[in-house]
Amino acid sequence: MKNGKGQILVVDDNPQNLRVLGSMLKENGYRVALAENGIEAVKYAADKHPDLILLDIMMPEMDGIETCKHLKADDRTAEIPVIFITALTDTEDKLRAFNAGGVDYITKPFVLEEVMARVDVNIKRKEVEEKLKQANIELKRADKLKTQFLSLVSHELRTPVTPITAQLQMMLAGYFGEVTEKQKKSIEMVLRNTARLDRLIGDILDISKLESGAMKFVMAKADLNETVEHAVEIMESNARKKNITITLKEDKIPEIVFDKDRIAQVVINLVNNAIKFTDPGGTIDICLLNNTSYAIVKVTDNGIGIKKEDLERIFVPFEQVDSSMTRKYDGSGLGLSICKGIVASHGGEIWVESEAGKGSTFQFTLPYRRGIAEKNVKVNLFEKQVGNKLLEV
């Protein structure tokens with residue numbers, strides 16, 4: 001807001017109205033500019049950007065409705081609130097004023113107290129809107145800095161992890177001399193945690209790339225059946241270790257455009273989660289279904305399930321459903337967020353249906369039309385989700 005309480009532009013072809021309104025506004029601490037017609041008002045507003053405009057409707061040459069339309073069509077003046085002053089009382093006339101972009105109206109003969117009340121309310125509302133707009137700019141700037149920070153830190157962390165892993169593997173292989181059984185167990189423990197750290201770093205990198213639109217997708221026609229089959233094969237050994245049975249049922253899917261590696265990453269992540277949260281002896285059913293306009297991939301387990309109140313937070317990054325569960329089952333808690341970002345970048349949807357103690361079904365769609373991921377679109381990962389409906393945070 002400018003100096004004082006702000007500047008008001010009063011537009012009226014009646015000099016008496018200009019004097020009365022101008023004097024009253026000045027007495028109440030506003031700076032005032034006067035215009036006798038719409039053409040003057042449009043030019044002044046574009047040059048000086050007043051905080052609010054009081055605009056008479058009934059004026060010669062360019063009436064108030066047309067003047068307001070001109071103001072709203074210009075980016076320089078579109079955000080300036082306009083209060084109409086009119087002798088017209090028909091509902092249709094009032095609707096015309098609002099449709100032209102007015103935020104309020106005052107009927108003639110006007111009561112000065114009413115004019116001031118409406119001016120004060122709209123000035124305060126504009127102040128709030130400007131503060132919100134500035135806060136939004138600051139939030140976007142902070143979000144950009146956060147993404148850049150995560151990307152930079154992840155790269156810097158990953159740099160030493162690779163040689164550390166290589167050296168540990170060489171030690172385990174006896175390259176530096178004989179390794180005792182006790183030393184072997186210790187090295188293997190360090191390697192497991194190094195691999196865990198590397199996965200966490202990779203997840204953070206993926207999250208930052210998806211948020212910024214920097215993730216690259218290799219889009220090409222490919223066989224989705226083959227991609228899903230290979231992903232399931234990769235996870236079968238992990239399932240056998242827990243005595244979990246995996247079944248795959250699939251319709252034949254026509255060749256579609258998608259990134260094979262990224263979609264395989266989604267399937268692997270969903271199956272890995274199902275294995276992680278399913279007790280030994282459990283089952284995991286994977287289905288690939290052919291819809292008329294998209295393919296559906298479903299991963300169903302009979303594991304621990306998810307509480308109803310936690311379903312909307314399950315895909316939100318850095319928002320753990322249960323921190324104690326994360327410690328018990330291991331993982332960064334970012335995998336589902338990454339799945340959501342990859343699927344959304346392909347133009348699909350992902351959601352979960354679950355009940356505590358009765359297992360979960362995660363499923364996602366891939367449209368048969370050409371994917372949009374090749375444009376490297378930004379994806380809003382910070383939105384809550386219920387079923388397949390998204391709710392903005």
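The model is predicted, so local features are reported only at pLDDT of at least 70 and side-chain atom pairs only at pLDDT 80 or more, while totals for chains, interfaces and linings use all residues. Residues are numbered from 1 along each chain as its sequence is written, and side-chain values use heavy atoms, with hydrogens and water left out.

The secondary structure of the protein chain comprises 10 helices and 14 strands. Helices (H or I, at least four residues) and strands (E, at least two) are DSSP runs, numbered from the N terminus. Of the 393 residues in the protein chain, 41% are buried. Buried means under 20% relative accessible area, exposed means over 50%, and partly exposed lies in between (1.4 Å probe, protein chains only). The accessible surface of the protein chain comes to about 21300 Å², and 53% of this surface belongs to carbon and sulfur atoms. Accessible areas come from the Shrake-Rupley method with a 1.4 Å probe; for residues, only the protein chains shown count as cover. Contact means heavy atoms within 4.5 Å. Among contacts in the protein chain with a separation of 6 or more, 71% link residues 24 or more positions apart.

Two strands pair if DSSP finds at least two bridges between them. Axes are lines fitted to C-alpha atoms, for helices over the stretch in contact, and angles run from 0 to 180 degrees between N-to-C directions. Within the sheet, β3 (residues 52-56) and β4 (residues 82-86) run parallel and are joined by four bridges. I53 has V82 in β4 as its bridge partner.

Another open sheet of five strands has the order β7-β9-β10-β12-β11, and its pairing is mixed. The edge strands here are β7 (245-250) and β11 (350-354), each pairing on one side only. Neighbouring strands of this sheet are turned by 15° against each other on average, direction ignored. Helix α8 packs on the sheet, touching β7, β9, β10 (294-301), β11 and β12 (360-367). The direction of α8 makes about 175° with that of β12. Six bridges pair β7 with β9 (residues 283-290) in the parallel sense. L248 has I286 in β9 as its bridge partner.

The largest nonpolar core holds 48 residues, of which L224, L270 and F364 touch the most other members. A nonpolar core is a set of buried Ala, Val, Leu, Ile, Met, Phe, Trp, Tyr and Cys residues joined through side-chain atoms within 4.5 Å. Helix α8 (residues 260-276) gives the largest share of this core, seven residues. Leaving aside residues up to four places away in sequence, F364 touches residues including I263, V266, V267 and L270.

Helix α10 (residues 335-345) is largely enclosed by the rest of the structure, because 10 of its 11 residues are buried. H346 lies in the loop between α10 and β11. H346 is buried too, at 2% relative accessibility. The C-alpha atoms of H346 and T365 are separated by 9.1 Å, and the two residues are 19 residues apart along the chain. Also just after α10, G347 takes a positive phi of about 85°.

The structure holds three aromatic pairs. Rings of Phe, Tyr and Trp (its six-membered ring) pair if their centres lie within 6.5 Å; planes under 30 degrees apart count as stacked, over 60 as edge-to-face and the rest as tilted. F98 and Y105 form an edge-to-face pair, with 5.9 Å centre to centre and 75° between the planes. F98 is partly exposed at 36% relative accessible area, and Y105 is partly exposed at 24%. Y175 and F176 are also edge-to-face, because their ring centres are 5.2 Å apart and their planes stand at 90°. Both Y175 and F176 are exposed.

K108 and P109 are joined by a cis peptide bond, with omega about -5°. P109 lies in the loop between β5 and α5 (112-172). E61, a residue other than glycine, has a positive phi near 65°. E61 sits in the loop between β3 and α3 (64-73) and is exposed, with a relative accessible area of 77%.
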